[in-house]
Amino acid sequence: MTLRTIEGESYIKIEESVLDAIYEEALRVYPWEGGGFLFGNYSEDRTVVYVKRILKPLNMRATGISFERVVDKKTFETIYDEEGLIYVGEWHSHPNGSSLYSSMDKQAMIRIAEYPKTLIEHPLLMIVGVKNRRVQEYSVYMYDNQKLLRYEQSGD
Ligand SMILES: [Zn+2]
């Protein structure tokens, strides 16, 4: 799956296995909210983000309206050492909701992007809307200077 920003300046490529894993987890925890981390890498010119795997948080507290996670630094390092992949963003589900981000989601992404240990400038946020035990839609956003830009489906 290839997505791009409206300006066509940056692209994201998500492997099918990653989409499958996200859908599976979102449906498994339904009607609660689920989520986790996205790992991947960038093209040399930084215009393409490749999302290659997910990681479940060590600990999560899902309340149906908010999703909190505990960062597992050791596993982050292991994934980098063994697979060469870095943290590129987050995903979570919206049970009985759309894939639009909430104001809380935006605030959370600002905190993540401004956290000194976040080494990337433009973390991704992927939101999966789940209804009637089915994934209805998903959206991917790129954080950019306190804004979330939505990626559009690309032709290829
Ligand atoms: Zn949300």
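What share of the contacts in the protein chain with a separation of 6 or more comes from residues 24 or more positions apart? In this predicted model, such residues account for 66% of those contacts. The protein chain has 156 residues, of which 26% count as buried.

The secondary structure comes to three helices and 10 strands. Along the sequence, these elements follow the pattern β-β-α-β-β-β-β-α-β-α-β-β-β. Eight of the strands form a closed barrel, in the order β1-β2-β4-β3-β7-β8-β9-β10, and the pairing is mixed. From one strand to the next, the twist averages 35 degrees. In general, the strands of a sheet pair through backbone hydrogen bonds, and the pairing is either parallel or antiparallel.

Both senses of pairing occur around strand β2. Strand β1 (residues 2-5) and β2 run antiparallel and are joined by three bridges; here R4 has Y11 of β2 as its bridge partner. With strand β4 (residues 48-55), β2 runs parallel, and four bridges join the two. In this pairing, the bridge partner of K13 is Y50 in β4. Within β8, G129 is the bridge partner of H94.

The side chains of strand β2 (residues 11-14) alternate along its length. Apart from neighbours within four places in sequence, L124 is in contact with I12, L38, V49, V88, G89, V140, Y141 and M142.

Helix α2 gives another picture. This helix spans residues 73-83 and is hardly covered, since the count of buried residues among its 11 residues is zero. Two of its residues may be taken as examples. Y80 lies in helix α2 and counts as partly exposed, because 14 C-beta neighbours lie inside 10 Å, and a residue is buried if 20 or more other C-beta atoms lie within that distance. Leaving aside neighbours within four places in sequence, Y80 is in contact with L85 and I86. The C-alpha atoms of Y80 and G40 are separated by 9.4 Å, although these residues are 40 residues apart along the chain. E83 is also part of helix α2. With 13 C-beta neighbours inside 10 Å, E83 counts as partly exposed. From E83 to F39, the C-alpha to C-alpha distance is 9.9 Å, and the two are 44 residues apart in sequence. Just after α2, G84 takes a positive phi of about 70 degrees.

Some details of the backbone remain to be described. Most residues other than glycine have a negative phi, and most peptide bonds are trans. The peptide bond from Y30 to P31 is cis, with omega near 10 degrees. P31 is placed in the loop between α1 (16-29) and β3 (35-42).

R133 has a positive phi of about 60 degrees and lies in the loop between β8 and β9 (134-144). Is R133 buried or exposed? R133 counts as exposed because it has 8 C-beta neighbours inside 10 Å, where 12 or fewer is the limit for an exposed residue. Q146 is not a glycine either and has a positive phi of about 70 degrees. The loop between β9 and β10 (147-153) holds Q146. Q146 is exposed, with 10 other C-beta atoms within 10 Å.

Definitions and conventions:
Residues numbered from 1 in each chain as written. Predicted model: local features only at pLDDT ≥ 70, side-chain atom pairs only at ≥ 80, totals over all residues. Pairing = 2+ DSSP bridges. Axes fitted to C-alpha atoms, helices over the stretch in contact; angles between N-to-C directions. Contact = placed C-beta atoms within 7 Å.
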